[in-house]
Amino acid sequence: MKSKWGNNFKGYVRIEIIGQESSSFINTCIQSGIQIWDIKPIDGDRVHVSISVPDVQRAKAILKQNKLKIRIKEKKGTPFLLKKMWKRNGFMLGMVSFIFILFLLSNMIWNINVIGANPKTEYELRKAALEIGVKKGKFIFLLPNVREVQRQLTEKMGNVTWIGVTQYGTSYRFEVVEKEIPKEKLITGPRHLVATKQAVIHSLFVEKGQPVVTVNDYVRKGTLLVSGYIGKEKKPELVSAKGEIFGEVWYETRVEIPLNTSFQTYTGKFENRHYVSLFGLDIPIYGFSDGEFQDKTETLNESPLYLAKWKLPVSYIKKEIRETDGVKRSYTKAEAIEVGKKMAKKELLKKLPEDAKIKGEKVWQQKVSNGKVKLTMLYKVIENIASEQPIPIQQGE
Amino acid sequence: MGKLRQQVSKWMMQNLELPADVVMDLPRITMIGQLHIYIENHRGVKAFSNEQLKLKLKHGTLVISGREFVIKTILPEEILLEGTISSVDFEND
């Protein structure tokens, strides 16, 4: 009974023994160490017996001695099954290649959709994607992952604010948000120019219209700067006022600089490890050292394989281990103030329009508390403060 | 001589509490309902058919009768028989 699996594996035959003296055959078999099993009498002179393939020749000799006839009824076990399967190898080959082709096809890109782009951008995007390798018929597992594709595409496309890359099975979808470049207003109606913020007028360049303020005047938000009415008092003419009015504006910026900061940097040393994940079990295939780094960060990149729409339990995982270094930075108070000033300026410049200039800066307040330096900075900025205000046309005058 | 040995072994069995099948070379028969019968210490098959199995023992013959017999396993000293067993007889010749 124990060797049943063994017999199945090695293969055995079921033979029919014809003759009267089958019991003596059984005895001789046992004595000479031939294993036989499942002995089943059919009728008076026929018995079915199972015997392993290597023993058949010896059994035949014994049968001859006992003057019994033998007939092979069935061949069982793996070797015979394999033989049978080999005979139908075309069929097997078809099955295997079908699964293989299905596997390949379901890991291919079939479709690339671009959403939200005008034809020009779409064309450029498709070209950029082609350069990365995203095109129809490419194998998905050979491509960088979606995040990477998104990053590369966003870098390549200058006139696009954002590209969202999503992968739905065998198709890629690019969602594009285009930069909106505002069109200049060409036709302007009659208008005034008014101040956008509280300021002291620094200089005026008026192309059209009647300036109402002069240099060093103090204006509030909404104060009329350039009037759209020109000409004589009695017969005013409406024009579209145009010009640039620069004013001195004060900005206040607050920054906090911690005196001690610790942060992590990469040292540049790294190790890659490759795994094949089978049913959630990660089997390392290449790269076996963890790099023996003291501090490290690990990133996992998993690329799953698909069969039709099903995710296979097999996937390829790349693990990147990068050495990190903890760096401590500490400032003296003077240094912190210096850094704070720079930061404040940077922050301010982000908010300002391009044509603005910083005229002067002043430390308004500085305070050290809880290991932090708190700075309040004041900046004097020269910027265009003019904004258009249409003049409602009064009818029936 | 044989008789003396038999007596000695019988005495050993009774007084030393050794299992009888080991001491006296007797068959050990295990049955599971009517389905299986497992015989150790046999001396070969005398006759085998659908309804009857005759086994040689050291002394005499064991006759198992029933229906639809199949010898599942047979080894030099062991045999496992399957079928519907109706009787087990000892024949002393």
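In chain A, Arg14(A) has Ser50(A) of strand β3(A) as its bridge partner. The structure is a predicted model, in which local features need pLDDT of at least 70 and side-chain atom pairs count only at pLDDT 80 or more, whereas totals for chains, interfaces and linings use all residues. Residues are numbered from 1 along each chain as its sequence is written, and chains are lettered from A and ligands numbered from 1 in the order in which they are written.

Helices (H or I, at least four residues) and strands (E, at least two) are DSSP runs, numbered from the N terminus, and two strands are taken to pair if DSSP finds at least two bridges between them. Strand β1 of chain A (residues 12-18) pairs with β3(A) in the antiparallel sense over seven bridges. Strand β2 of chain A (residues 36-43) also runs antiparallel to β3(A), to which five bridges join it; here Asp43(A) stands opposite Arg46(A), and a hairpin of two residues leads from β2(A) to β3(A). A residue is counted as buried if 20 or more other C-beta atoms lie within 10 Å of its own, as exposed if 12 or fewer do, and as partly exposed in between, with C-beta atoms placed from the backbone.

Further along chain A, four strands form an open sheet in the order β17-β16-β19-β18, with antiparallel pairing. Its edge strands, each pairing on one side only, are β17 (281-286) and β18 (296-307) of chain A. From one strand to the next the twist averages 40°, where axes are lines fitted to C-alpha atoms, for helices over the stretch in contact, and angles run from 0 to 180 degrees between N-to-C directions. Within this sheet, strand β16 of chain A (residues 260-278) is joined to β17(A) by five bridges, and His274(A) stands opposite Tyr286(A) in β17(A).

Helix α8 of chain A (residues 333-351) has 19 residues and reaches 27 Å from its first C-alpha to its last, close to the 27 Å expected at 1.5 Å a residue, the expected span being 1.5 Å times one less than the number of residues. Its buried residues are Ala336(A), Gly340(A) and Ala344(A). Seen down the axis of α8(A), these buried residues fall within an arc of 70°, so they line one face of the helix; the arc is that of the directions from the helix axis to the C-beta atoms. The face turned away from the buried side carries the exposed residues Ala334(A), Lys342(A) and Lys346(A). The cover over the buried residues of α8(A) includes β15 (242-258) and β21 (372-384) of chain A.

Between the chains, 12 residues of chain A are in contact with 15 residues of chain B, contact requiring C-beta atoms, placed from the backbone, to lie within 7 Å. On the side of chain A that touches chain B, β2(A) gives the most, with six residues. Strand β2(A) also pairs with β5(B) in the antiparallel sense over three bridges, and Trp37(A) stands opposite Thr73(B) in β5(B). In chain B, Pro76(B) lies in the loop between β5 (61-74) and β6 (78-91).

Notes:
Two residues are in contact if their C-beta atoms, placed from the backbone, lie within 7 Å.
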